[in-house]
Structures are given as C-alpha cells and as structure tokens.
Amino acid sequence: MRARILFGLTLALLFIYGAHSATITVTNNCPSTIWLGDLTSAQQPQLSNTGFELASTSLNVPTPWNGRFWARTRCSIDGSGKFTCATTDCGSSQVSCNGNGAAPPTSLVEITITPSGRQDFYDINLVNGFNLPVSVAPQGGSGSCTAPSCAANVNAACPTELQVKTSYGSVISCKSARIEFNQPQYCCTGGYSTSTTCPPTNYSIFFKNQCPRAYSYAYDDAIRLFSCSGGPNYSITFLSLQ
Ligand SMILES: *[C@@H]1O[C@H](CO)[C@@H](O)[C@H](O)[C@H]1NC(C)=O
Ligand SMILES: *[C@@H]1O[C@H](CO)[C@@H](O)[C@H](O)[C@H]1NC(C)=O
C-alpha cells in the first residue's frame, strides 16, 4: 500500500517536474544532399518528423526516449512518385520513414534519453555497416559526456567483398560481415551467441580500426557506449566523405 502511494507520488512528481524534453539538432556537413531518417523504438510514438531533406534541423524529443538516426544518400523520386535512396533506404517509398528502420549498410546514431537528471546513453553503431561519417555530441550535461565521432571514409577502405557500388563503380557504402555473409561467427548467433563465444573477426577489426569509437560488432567492448547525465541536448553531425 505504502509502496503504491509512493509510486503514485513519484509519478505525479515526474509529471509535474519531469516533463523534460531534449533537443536533438541534426546537421549535414557533407557537400551532397542527404535525407535524415529516424526511428523511435519500443512502442513509443514516432517523432513528428521521421524523414526529411537535411540542412540543419532541431527535433524536440519527449523523454523517456530511445531511438536511432541515419542519413540516406542518393535519393530520388521516380515517375510514379516513389521516393527511394541508394543507401539506407527505409522502404516507405516516401521521404518520411513512418516507423520503418534503415536498410543496411547504415552508420547509425543510437540515443537513450531518460527523464531529467538521470543518465542518458548514446553510441555510433556500425554493426550493420557504414554509409556516411557521423559524430554525436551531448550539449550541456554533466559527467563524462564524451562526443564520439566516426570521421573516416570507410567506403574508400572497404574490402572488395563488402562494397556496395553504383552501376558506374563508385563505392557508396560498406556492409558489415554480418550483413554480407549472414554466418553465426559474424552475427553472434548459434554457438557464438555470447560475448565470450563471439570474439572480434578480421572484418569487425577492420571497422574498429577505421572508427575506434563506434561499435564494430554485436559484442564489441562496452566502452563504445557513452553516457551523460543532467538532461543534455544532442548534436548529431553527418560529415563529408574525405
Ligand atoms: C536544451 O535546449 C533547450 C531548447 O533549445 C534549452 O532551453 C535548454 O536549456 C537546453 N538544455 C541544456 C542542458 O543545455
Ligand atoms: C577475413 O578472413 C577471411 C576468411 O579467413 C578471408 O577470406 C578474408 O580475405 C579476410 N578479409 C580481410 C579483410 O582481412
């Protein structure tokens, strides 16, 4: 009974003081046009804008929130009005992703935002591969609040067997071994389903060498998950391939 009253009180206080929202500013610093995609996880409503041509946009994110951001490149609309992208297409046939995720390979930024004051978590995830360099930086929080960046042009260094190319041969994204080979040692499934039985592979080591602060495979060291407290805002920047 007492616990219930306390729980009710906590909820009421959260409602009064904890209606915190975070601002996530997403910026395109690469010279070509990109279209942002975002996906809110776990039964929460999608953000009001799930896909748009990106210059610099601030999104208001209610908390708690958990989701991911990516950049679509080489997008176009065909004669019938269908919108598609050569990298990280979200399969909606529209500029908005409408709750769909990104087709790999995708450089992903993942963020978990807790109600005010509690610890947030964020990372750059290359477990499904890479398409564009990206960085994520908390703003105004407290604690370590490291700003990881994956600035390398992974496409230029991509092993031949993982390359995704245009019809005229330029490499536009780089698959992870998990996506290309779909084998247990790369997917950390079957006999490889724990952190001890799924060691890094030569392919995940390739991604780790390119972007040491990004997750390169499912059981990569947890030091690639960063945290920040005190209700920070976030800045995500897509960078030029150079
Ligand atoms: C986050 O951004 C909002 C709106 O831009 C601002 O009012 C707030 O002070 C910022 N929070 C922090 C922790 O900087
Ligand atoms: C990774 O290992 C596989 C199998 O041993 C080999 O075929 C492949 O060339 C290696 N790739 C790289 C990028 O080292």
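Me: What pair of atoms is a polar contact?
Reply: A polar contact is a pair of N or O atoms, and the cut-off is a distance. Keep in mind that the model here is predicted. The pair has to lie within 3.5 Å.

Me: Which residue has a polar side-chain atom 3.5 Å from a nitrogen atom of ligand 2?
Reply: Start with the surroundings: ligand 2 has Pro 159, Glu 161, Asn 202 and Tyr 203 around it. Asn 202 puts a polar side-chain atom 2.3 Å from an oxygen atom of the ligand. The nitrogen atom, with a polar side-chain atom 3.5 Å away, is approached by Tyr 203.

Me: How many charged residues are in the shell around ligand 2?
Reply: Sort the shell by class: two residues are nonpolar and one is polar. Glu counts as charged, and Glu 161 is among the residues around ligand 2. The charged count is one.

Me: Which residue has a polar side-chain atom 2.3 Å from an oxygen atom of ligand 1?
Reply: Thr 23, Gln 139, Gly 140, Gly 231 and Asn 233 surround ligand 1. By class, that shell is five polar residues, with no nonpolar and no charged ones. The polar side-chain atom 2.3 Å from the ligand oxygen belongs to Asn 233.

Me: What is the volume of the largest pocket?
Reply: Two strands each give at least two residues to the lining of this pocket: strand 5 (65–77) and strand 13 (171–175). As for the space itself, the volume is about 210 Å³.

Me: Which residues lining the largest pocket are the closest to its centre?
Reply: By class, the lining splits into eight nonpolar, six polar and one charged. The pocket is lined by 15 residues in total. Those closest to the centre are Ser 32, Thr 73, Arg 74, Leu 132 and Leu 241.

Me: Is His 20 buried or exposed?
Reply: You'll find His 20 in the loop between helix 1 (2–17) and strand 1 (21–28). Its relative accessible area is 16%. The cut-off is under 20%, so His 20 is buried.

Me: What distance separates the C-alpha atoms of His 20 and Pro 62?
Reply: Along the chain, His 20 and Pro 62 are 42 residues apart.

How values were computed:
Residues are numbered from 1 along each chain as its sequence is written. Chains are lettered from A and ligands numbered from 1 in the order in which they are written. This is a predicted model: local features need pLDDT of at least 70, side-chain atom pairs count only at pLDDT 80 or more; totals for chains, interfaces and linings use all residues. Side-chain values use heavy atoms; hydrogens and water are left out. A residue is near a molecule or strand if one of its heavy atoms lies within 4 Å of it. A polar contact is a pair of N or O atoms within 3.5 Å; within protein, one must be able to donate a hydrogen and the other to accept it, and residues adjacent in sequence count only if both atoms are side-chain atoms. On a 1 Å grid over the protein atoms alone, a cavity is a set of points where a 1.4 Å probe fits but cannot get out, and a pocket is an open set with protein on both sides within 12 Å along at least five of seven lines; lining residues have an atom within 4 Å of a point. Grid points are joined across faces, edges and corners, and a volume is the space filled by probe spheres set on the points. Helices (H or I, at least four residues) and strands (E, at least two) are DSSP runs, numbered from the N terminus. Buried means under 20% relative accessible area, exposed over 50%, partly exposed in between (1.4 Å probe, protein chains only).
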